[in-house]
Amino acid sequence: MIVLLVQTSEELKFGDKIDGGLIDAITKSRVLVVVFPKNYASSTWCLDELWQIVRYNETAKELYHVRALFYDVEPSVVRHCGGNYKKDLDKHEERGSQEVSNWKKALAKGAHLPGWDWNNIANELVPCAALHIHV
């Protein structure tokens with residue numbers, strides 16, 4: 001899952017081709033947050049998005065900020081394509097996907113992005129949210 005904070009007059013729809021409005025939204029974004037849940041690698045759409053983000057980040061790092069949020073998965077699992085990530089990537093490879101090597105590189109680079117491990121911040125966020133609600 002990618003959280004896109006964009007200002008655009010066009011509405012992005014789930015399932016849009018990665019070569020269409022989504023690339024435009026990625027390149028016009030100022031902040032991108034990549035949310036890595038444990039089933040992230042099961043989605044070729046998400047993997048394609050990540051590949052585009054990593055490629056753009058390498059060429060235009062100073063233009064925007066990319067952050068990662070690891071939700072119910074350890075960053076090392078994403079980095080090394082282990083656990084469910086390995087199983088899902090193996091399935092894509094069995095189906096004849098030619099992009100698996102690019103996706104593995106993108107996952108490794110995505111896992112090195114600055115960001116947060118949900119397991120480490122969840123306990124800090126809940127009291128903060130409660131404090132803001134009661135103020």
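## Order of elements

Along the sequence, this predicted model runs β-α-β-α-β-α-α-α-β-α. The protein has 6 helices and 4 strands.

Of the contacts between residues at least 6 apart in sequence, 74% join residues at least 24 apart.

## Burial and surface

The protein has 135 residues, and buried residues make up 35% of them.

## Packing of H2 against H5

Helix H2 covers residues 44-59 and helix H5 covers residues 100-111. The two pack at an angle of about 65 degrees, and their axes are 9 Å apart. The crossing of H2 and H5 is left-handed.

On the H2 side, the contact is made by Thr 44, Leu 47, Asp 48, Leu 50, Trp 51, Val 54 and Glu 58. These meet Asn 102, Trp 103, Lys 105, Ala 106, Leu 107, Lys 109 and Gly 110 in H5. By residue type, the contact of H2 with H5 holds 7 nonpolar, 3 polar and 4 charged residues.

A pair of aromatic rings is described by the distance of the centres and the angle of the planes. The count for this protein comes to 3 aromatic pairs.

One of them is formed by Phe 36 and Phe 70, which are stacked at 5.3 Å centre to centre, with 10 degrees between the planes. Phe 36 lies in strand E2 (residues 31-36) and Phe 70 in strand E3 (residues 65-70), so the pair ties together parts that are 34 residues apart in sequence. Both Phe 36 and Phe 70 are buried. Phe 36 and Phe 70 also belong to one aromatic cluster together with Tyr 40.

## Aromatic pairs: Tyr 71 and Trp 118

Tyr 71 and Trp 118 form another aromatic pair, this one tilted. Their ring centres are 5.8 Å apart and the angle between the planes is 55 degrees. Tyr 71 sits in the loop between E3 and helix H3 (75-79), while Trp 118 is in helix H6 (residues 118-134).

Tyr 71 has a relative accessible area of 43% and is partly exposed. Trp 118 also counts as partly exposed, because its relative accessibility is 31% and the partly exposed class lies between the buried limit of under 20% and the exposed limit of over 50%. Phe 36 and Phe 70, in contrast, are both buried.

Key. Residues are numbered from 1 along each chain as its sequence is written. This is a predicted model: local features need pLDDT of at least 70, side-chain atom pairs count only at pLDDT 80 or more; totals for chains, interfaces and linings use all residues. Side-chain values use heavy atoms; hydrogens and water are left out. Axes are lines fitted to C-alpha atoms, for helices over the stretch in contact, and angles run from 0 to 180 degrees between N-to-C directions. A crossing is left-handed if the near helix is turned anticlockwise from the far one by less than a right angle, and right-handed if clockwise. Contact means heavy atoms within 4.5 Å. Ala, Val, Leu, Ile, Met, Phe, Trp, Tyr, Cys and Pro count as nonpolar, Asp, Glu, Lys and Arg as charged, and the others, Gly among them, as polar. Buried means under 20% relative accessible area, exposed over 50%, partly exposed in between (1.4 Å probe, protein chains only). Rings of Phe, Tyr and Trp (its six-membered ring) pair if their centres lie within 6.5 Å; planes under 30 degrees apart count as stacked, over 60 as edge-to-face and the rest as tilted.
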